[in-house]
Every structure is written in C-alpha cells, then in structure tokens.
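Dear colleague,

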Amino acid sequence: MQEVRFPEYRAYEAARVESSNAMMALLAGAGLASHLLQLTQGSSHLLPEVFPQVPHIGRFNLESEAARVILDSADAHLGAMSVPYALALHEDFLRTCLSMLQRAGIASRSQVEVSLAGQHSLIEKLTGDTFDSDSLIQLDVLRSMRNCLIHGGGLVGSALISALQPWTERAEAGWVKLAPSPTRMTIGQRVVFGHGEMILALAVTTKLAREANRLIQRVVPRSQWADVIVADYRIETDGNILAPDFLRKIRGFARFNYVSLAMTDAELREAIDRSRLQEK
C-alpha cells in the first residue's frame with residue numbers, strides 16, 4: 001500500500017529533506033573549511049585576521065590549528081543537534097496522524113497530546129495494526145540517547161540501558177550499517193552522536209512515518225479522506241469549487257497524491273457537495 005500524500009505528510013517529507021540537506025551541507029562545509037585551513041598551518045594569526053571578509057568570523061577567534069580541531073569534530077556536534085530535530089519532526093507528524101484519528105472519532109483529545117514515547121503504541125492500539133518492531137526498538141534507543149543528552153548531562157543513564165534490553169539481531173544489523181553498535185554503552189559513559197546516528201535517525205523516522213501513514217489509511221473513513229482531498233486541492237490550486245469541470249480536475253489531483261485510496265467519482269462528488277454546503 002502506498003502512502004497518502006496529504007498536506008501534512010508532504011510538509012513532513014519536505015522538512016525532513018530540508019533538514020537532511022542542511023546538515024549534510026554543514027558537515028561538508030566543515031570539511032572544506034578544515035581542508036582550507038591546511039594552507040595556513042603554522043600561522044600564529046587569528047582567523048579574523050586571515051579571513052576578514054568571512055561573515056561572523058570574529059566569533060571564531062582562534063588560530064588555524066585550534067579551529068581545525070573543532071571543525072574536524074563537527075560531525076559529533078551536528079549529530080547532537082540533528083538527532084533531536086529529526087525526532088521532533090517525527091513526533092509532530094505522529095501528532096498530526098492522531099489528530100486525524102480524533103477527527104474520525106477514534107482518538108480522544110487527550111490522546112492527541114501523547115509524547116513520542118507513547119505515540120507508536122497508541123496508534124497501534126487505535127488502528128489494530130503494528131509498526132515494524134525492530135524500527136521501534138531503534139527509535140526508542142535514539143530517543144533515550146537524546147534524553148541522556150538533554151536531561152542527563154550527556155551521560156548514559158539507566159533508561160538508555162533499559163531501552164537496549166529488547167535489542168534484536170535485526171535491530172543490530174540495521175544499526176551497525178550506519179553507526180557503531182549502541183550495545184557497548186555503559187552507565188556513566190558519554191553519549192556520542194555522529195554522522196552515522198544522524199543518518200540513522202532520518203532513516204528510522206522516515207520508515208516509521210511511512211508506516212504510520214499506511215496504518216491510518218485503513219481506519220480513517222473514506223468520506224473524511226474525500227473531504228481532505230477537496231480541501232487540499234482548493235488550497236493548492238485555488239480552484240473554483242463551483243466550476244463545471246471541478247470534478248474532472250480534482251479527479252486527476254486525487255490520482256496523483258491519493259492514488260492508494262482509489263477514490264470514486266461518487267465519493268469525490270459527495271465531498272464537493274459537502275464543501276459547497278459549508279460555504280452557503
């Protein structure tokens with residue numbers, strides 16, 4: 001089953017791609033800067049003296065060698081920033097999914113506000129379906145690592161060790177393709193994020209977001225999806241709902257962004273009629 005590309009899902013995908021591109025650009029930029037500073041090796045001049053035209057260089061008031069040490073460890077700093085950001089984007093998208101379930105009468109208002117720690121299990125309960133268990137384990141470990149960074153002074157705590165208890169061979173195999181195994185961490189050790197964890201967070205949240213999309217497809221009423229399509233089309237195209245060819249145009253739009261729903265003309269026509277009535 002393909003994903004339904006409703007507005008919030010498209011926005012989530014765009015934000016994820018934008019954040020990924022930004023982090024990769026910063027990582028590459030740090031590498032380029034470090035390489036450039038090889039030309040000034042041994043100089044006692046501070047960077048603002050060597051590169052006075054570079055914006056904000058005054059805040060990086062170091063000699064070349066000291067600056068290169070920082071730039072060469074940029075992946076750890078960027079990982080520490082990007083992993084929490086990727087998790088925050090994912091949490092916000094899952095809240096959107098829960099909001100759609102609330103609109104369908106399946107979730108309560110309080111359930112929509114559940115945090116990332118409980119969102120996946122709640123969606124499973126409400127939809128009667130399941131996420132990939134190994135991806136959930138990986139996400140829980142990433143979430144616990146983030147919590148150690150934000151709330152635990154950057155040191156491994158007991159909650160992270162507990163998150164590793166259900167660890168499986170499949171979760172391990174997927175993780176070590178991108179990052180060092182987390183199973184070697186011990187309490188009190190410093191949590192280290194890097195390029196691998198950055199990519200892993202994006203990959204895991206992308207997979208789980210796609211699964212969430214498919215899970216809610218099965219339980220959100222088709223009439224609700226039809227209403228979403230009509231509202232989406234009108235916002236995206238500023239289409240005139242009273243135009244005689246409105247159904248024909250929205251049919252093509254639905255086939256592009258909502259193909260897996262296979263909406264019928266009758267369903268779309270009823271949604272158009274509901275939208276027209278709301279405007280009267």
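This is a predicted model: local features need pLDDT of at least 70, side-chain atom pairs count only at pLDDT 80 or more; totals for chains, interfaces and linings use all residues.

Cavity. The structure contains one cavity of 30 Å³ or more, and the space in the largest cavity comes to about 40 Å³. Its lining is made up of Ser19, Ser20, Met23, Ser82, Tyr85, Ala86, Leu89, Met198 and Leu202. Three helices, H1 (7–36), H4 (74–103) and H10 (195–217), each supply at least two residues of this lining. The greatest contribution is that of H4, with four residues. In terms of class, six of the lining residues are nonpolar and three are polar, while no charged residues take part.

Aromatic pairs. There are nine aromatic pairs in the structure. One of them joins Tyr9 and Phe93 in a tilted arrangement, with 5.5 Å from centre to centre and 55 degrees between the planes. Because Tyr9 belongs to helix H1 and Phe93 to helix H4, this pair ties together parts that are 84 residues apart in sequence. Tyr9 and Phe93 are both buried. A further tilted pair consists of Phe253 and Tyr258, at 6.2 Å centre to centre and with 50 degrees between the planes. Phe253 is buried at a relative accessible area of 13%, and Tyr258 likewise counts as buried, at 1% relative accessibility. Finally, ring pairs link Tyr9 and Phe93 with Phe6, Tyr12 and Trp225 into a cluster.

Yours sincerely

Terms used
Residues are numbered from 1 along each chain as its sequence is written. Side-chain values use heavy atoms; hydrogens and water are left out. On a 1 Å grid over the protein atoms alone, a cavity is a set of points where a 1.4 Å probe fits but cannot get out, and a pocket is an open set with protein on both sides within 12 Å along at least five of seven lines; lining residues have an atom within 4 Å of a point. Grid points are joined across faces, edges and corners, and a volume is the space filled by probe spheres set on the points. Ala, Val, Leu, Ile, Met, Phe, Trp, Tyr, Cys and Pro count as nonpolar, Asp, Glu, Lys and Arg as charged, and the others, Gly among them, as polar. Rings of Phe, Tyr and Trp (its six-membered ring) pair if their centres lie within 6.5 Å; planes under 30 degrees apart count as stacked, over 60 as edge-to-face and the rest as tilted. Buried means under 20% relative accessible area, exposed over 50%, partly exposed in between (1.4 Å probe, protein chains only).
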